[in-house]
Amino acid sequence: MTAAAIRTWDLCRSYGTYQALTKLSLEVPRGEVFGLLGHNGAGKTTTVNLLTTLLEPTSGRAEIGGRNTVNDAASVRRSIGYLPENVQFYDSLTLMENLRFFGRLSGIRKPDARIADVLRFLDFTGHENQRLGTFSKGMRQRVGIAQAILHDPSVLFLDEPTSGLDPEGVRILRETIVRLNQEYGMTVFMNTHLLTEVTKTCTSIGILNHGHLVHHDTLVNTLASFPEEESLEAIYFQLDPAVAP
Amino acid sequence: MIDLITVAGKELLDLRRDRLFALLISFLTAVTLISVTVGAADFRNQLDAYNLYVANLTTSGSGVVPAAPHLFPLQLLRSGIEYLEILGALFAIVLGYGAIAKEKHRGMLQLFLTRPVNRFAFALGKVAGLSMIWWVVVVLLMGVSTISVVTIGGGAVTGTDLGRLGFVTVFIWMYLVFWSAVAVALTSLSASHSTALIVALVIWLGFVLVIPQIGDTMDPDNQVPGGLFAALNIQKPDEMAVLAHFSKFDSIRNVLEVSSVTKHFERLSFALLGIKDQYNQQPIPVVLTAMLPYAITLTAATVVAVVFAGAASTRRTLQRKQS
Amino acid sequence: MSVFITSAHHETLSVCRARIAHLLLFVFIGMVSLSSIIGWVTNITVTGVYEKILANGLTVAPNPFSAVPELYYARNAVIYVVLIGTLMAIVLGVQATLRDRKSATAGLILSRPVAVSARVGGQLAGLGVVIFAVLAISMAISWAGISIITGAPLGSDSTFRLLGFAGCAWMLLMVFAIIGMIAGITSKRETTALLVPFALWSGLAFVIPQLGTAARPVALLNPVPMPEQTGGYFDVLSAITGPLSITEHFKRAGSILLRDSNVSGSAGSSVAILLGFLVIAVVVVVLVPRQKLRQTLND
């Protein structure tokens with residue numbers, strides 16, 4: 001049996017006396033685009049940090065592709081790509097220099113050919129020798145995606161990837177995520193606030209409320225479960241009372 | 001004017017709860033106390049050495065007893081003044097930088113600039129707030145220093161000494177306000193916070209440490225241990241006559257030294273505290289008259305720095321973004 | 001390419017691109033080079049003063065300045081390393097570790113298969129290369145400057161002594177670069193990250209030596225180390241503070257290597273203390289906990 005792309009068992013994380021995440025049990029099959037929704041402070045970023053090995057759980061466990069995030073962290077790191085929220089990268093370095101750095105850190109010995117492939121895939125060529133200090137927010141986000149997929153990870157984690165992007169930037173990002181998923185079979189796990197993007201991009205969703213997973217299902221099933229609601233937004237407000245208007 | 005007072009008042013409130021500020025002031029107080037303690041211990045060592053020397057003389061039957069070393073209590077503050085010269089200026093820069101940088105970072109600046117306030121209210125309010133803080137800190141520091149001179153150093157402080165300390169307090173305050181105002185101006189002008197701080201630190205390094213050090217290095221009399229003229233047994237009038245032939249070199253050296261505001265502050269403070277021998281135990285008016293040029297230049301430098309802070313902090317410079 | 005080499009390469013590239021680093025490097029190289037010229041101008045003037053005294057018949061003593069060794073002209077470099085070099089090293093160290101926290105790339109890097117010791121060690125190695133290059137340029141300029149002043153190329157002994165001095169300077173600067181790196185990792189604010197190492201520097205360069213020598217702060221700006229005080233409480237304190245006065249040890253080793261007649265003895269113990277400090281600092285920085293590297297920065 002093939003292991004799930006992401007799986008957690010009673011995953012908990014607290015900061016001092018504050019419980020950020022409580023007994024999260026979740027399974028994301030391979031090839032899914034999973035959207036994690038929730039109000040501010042619901043525990044979304046904590047979940048991504050736990051799954052990307054940046055944090056260790058207080059209790060419970062998590063696996064990426066069958067590998068434990070604590071005991072086998074190095075192996076997990078080799079198999080994931082990650083784009084944090086609001087990452088700036090190195091302004092004084094060129095696009096190539098930035099990508100070479102992250103490519104090598106990901107274990108690619110000679111990353112130039114791979115970088116060229118990725119930039120072509122992202123339709124982002126022609127900026128290779130430009131310093132990032134001159135890049136717009138949308139361009140930086142594409143740099144972020146490029147570094148995250150350089151080493152061909154099996155799971156891609158995106159933390160609020162549309163934050164601060166204009167509509168055109170959001171469209172490009174959405175298309176990129178869908179292509180990565182459909183053309184390369186990459187599993188995508190993303191935190192987001194934009195419900196319209198979830199509808200257009202995700203195949204399954206989870207909703208966190210004060211650290212508790214209150215809903216987890218495919219998007220199709222979720223929409224079908226609430227035939228009386230007009231949109232995902234209306235369903236979300238029903239499922240997450242913390243943000244209900 | 002009300003805008004300015006409001007900004008100054010807010011700065012006072014901010015610093016009251018700032019742990020970094022508390023850390024800096026505690027550090028300054030600690031080094032002042034250490035320097036008085038070390039100075040007092042050093043004096044006691046000299047006294048012990050003298051007593052031993054006199055005892056040896058008496059044993060050997062000699063009747064000639066040299067004069068005992070005399071403690072001038074205010075001279076124990078020399079290292080403390082030097083710390084204020086070096087570290088006080090550094091901390092003043094950090095506070096001046098922090099006053100502007102925090103507003104830029106938090107995005108409060110844009111909020112402030114959309115209010116109907118005077119063009120100079122922001123920068124001058126900040127400088128006014130810092131000046132008040134420095135006044136309180138310097139008065140407390142001098143109070144602690146005076147008490148430590150009496151208790152740790154074992155010296156008696158007279159009414160005249162308190163008068164000298166009063167003048168020194170004012171000059172220290174001006175010196176620290178100068179550096180804070182320079183930092184306020186540079187931070188307002190610079191798009192990058194860290195660049196502003198580092199440029200201010202380079203200026204501090206140059207004017208506080210390097211220029212006076214070069215001046216000392218270029219002094220011909222400092223080239224030989226004990227002094228060149230002393231080594232050659234040359235009397236003062238002959239020394240002056242010889243040096244008259246090298247006036248160009250000496251004037252370059254002097255220009256270097258006096259280009260540093262730190263030297264002006266040092267000469268003023270050392271004269272008033274009697275650290276400079278020729279002014280030791282001289283009446284205050286005599287010292288002040290002799291030191292008037294330095295008092296004027298220090299005051300002028302402080303005023304210029306404050307004006308610079310006000311002029312540099314325009315809406316355009318304050319909102320400049322790093323490219 | 002390993003994480004260590006990648007990090008080292010990235011660090012040197014970042015420093016080479018940072019304008020503020022250029023400013024500091026320029027000031028340092030400029031001052032170290034200038035120190036030779038200042039020494040030369042002063043030497044000419046002092047010799048002129050002596051000849052005038054001699055011509056006026058005021059002395060028959062030999063010129064106390066005539067027998068100065070050729071490396072005398074580089075003696076001020078000792079103090080510029082302590083003043084400007086350490087400032088530069090601290091800023092470079094702080095920027096190295098703060099950069100990833102400011103640009104939020106720390107989380108990204110730690111999500112890669114990267115060992116903290118390799119990452120931090122690589123950054124440190126990158127800084128080591130930059131500091132080595134700066135010292136190499138400064139020493140080459142000093143070497144050429146002194147050769148021009150004395151009218152002959154420096155001999156092998158003096159050249160090796162200059163290289164030894166650069167080695168000591170490298171160790172001292174690396175210690176302060178590491179102090180900067182640690183402050184960049186642990187501080188919650190950028191201001192604190194820059195200020196705390198400066199406070200530490202002032203403690204090591206002024207307060208600790210003062211406790212053991214009773215030397216005033218300004219006197220400690222002299223390139224020659226202050227002799228330890230004896231008698232009273234100084235006997236105990238100088239024994240404690242002596243090994244900790246790292247800048248004074250550097251001055252001592254530097255002065256001996258540059259043949260300053262005011263300092264005698266062997267530089268061995270001072271070099272050993274510098275090396276000891278460096279080893280301890282390296283161990284501390286490479287053992288920093290993984291979570292520390294991605295702490296959020298408040299401003």
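Predicted model: local features only at pLDDT ≥ 70, side-chain atom pairs only at ≥ 80, totals over all residues.
User: How do strand S1 (residues 6-15) and strand S2 (residues 18-28) of chain A pair?

Analyst: They pair in the antiparallel sense, over seven bridges. Strands count as a pair if DSSP finds at least two bridges between them. Strands themselves are DSSP runs of E, at least two residues long; helices are runs of H or I, at least four, and both are numbered from the N terminus.

User: What's the strand order in the open sheet of chain A?

Analyst: S6-S7-S8-S3-S9-S10, six strands with mixed pairing. Strand S6 (80-83) and strand S10 (212-218) stand at the edges. Each has a single partner strand, so one side of each is left without a neighbour in the sheet. Neighbouring strands are turned by 15° against each other on average, direction ignored.

User: What holds paired strands together, in general?

Analyst: Backbone hydrogen bonds, with the strands either parallel or antiparallel.

User: Okay, S7(A). How many bridges join S7(A) to S8(A)?

Analyst: Five, and the two strands run parallel. S6(A) and S7(A) also pair in the parallel sense, over four bridges. A:Phe157 in S7(A) stands opposite A:Tyr82. In S8(A), the bridge partner of A:Phe157 is A:Phe189.

User: Why is S7(A) largely enclosed by the rest of the structure?

Analyst: Because five of the five residues of S7(A), residues 155-159, are buried. A buried residue has 20 or more other C-beta atoms within 10 Å of its own; 12 or fewer is exposed, in between is partly exposed, and C-beta atoms are placed from the backbone. Both faces are covered: A:Val155, A:Phe157 and A:Asp159 on one side, A:Leu156 and A:Leu158 on the other.

User: New topic. How many helices and strands does chain C have?

Analyst: Ten helices and zero strands. The radius of gyration of chain C is 21 Å, close to the 19 Å that the globule rule gives for 299 residues, so chain C is as compact as a globular protein of that length. The radius is taken over C-alpha atoms, and the rule is 2.2 Å times the number of residues to the power 0.38. The C-alpha trace spans about 80 × 50 × 30 Å along its principal axes. Buried residues make up 56% of chain C.

User: And chain B, how many helices?

Analyst: Chain B has 14, with zero strands. Of its 323 residues, 47% are buried.

User: How many residues of chain C are in contact with chain B?

Analyst: 47 residues of chain C, against 52 residues of chain B. Contact means that the C-beta atoms, placed from the backbone, lie within 7 Å. H2(C) gives the most to the chain C side, with twelve residues. By class, that side has 29 nonpolar, 14 polar and four charged residues. Nonpolar covers Ala, Val, Leu, Ile, Met, Phe, Trp, Tyr, Cys and Pro; charged covers Asp, Glu, Lys and Arg; the others, Gly among them, are polar.

User: At what angle do H7(B) and H2(C) pack?

Analyst: About 5°, with the axes 12 Å apart. That makes H7(B) roughly parallel to H2(C). Angles under 35 degrees count as roughly parallel, over 145 as roughly antiparallel, 65 to 115 as roughly perpendicular and the rest as oblique. Axes are lines fitted to C-alpha atoms, for helices over the stretch in contact, and angles run from 0 to 180 degrees between N-to-C directions.

User: Which residues of H7(B) meet H2(C)?

Analyst: Among them are B:Ile198, B:Val202 and B:Ile214. The H2(C) residues they face include C:Leu23, C:Val27 and C:Met31. The contact has nine nonpolar, four polar and no charged residues.

User: Last one. How many residues does chain C give to the contact with chain A?

Analyst: 20, with 23 from chain A. The largest share of the chain C side, six residues, comes from H1(C). The chain C side has ten nonpolar, seven polar and three charged residues.

Key
Residues numbered from 1 in each chain as written. Chains lettered and ligands numbered in written order. Contact = placed C-beta atoms within 7 Å.
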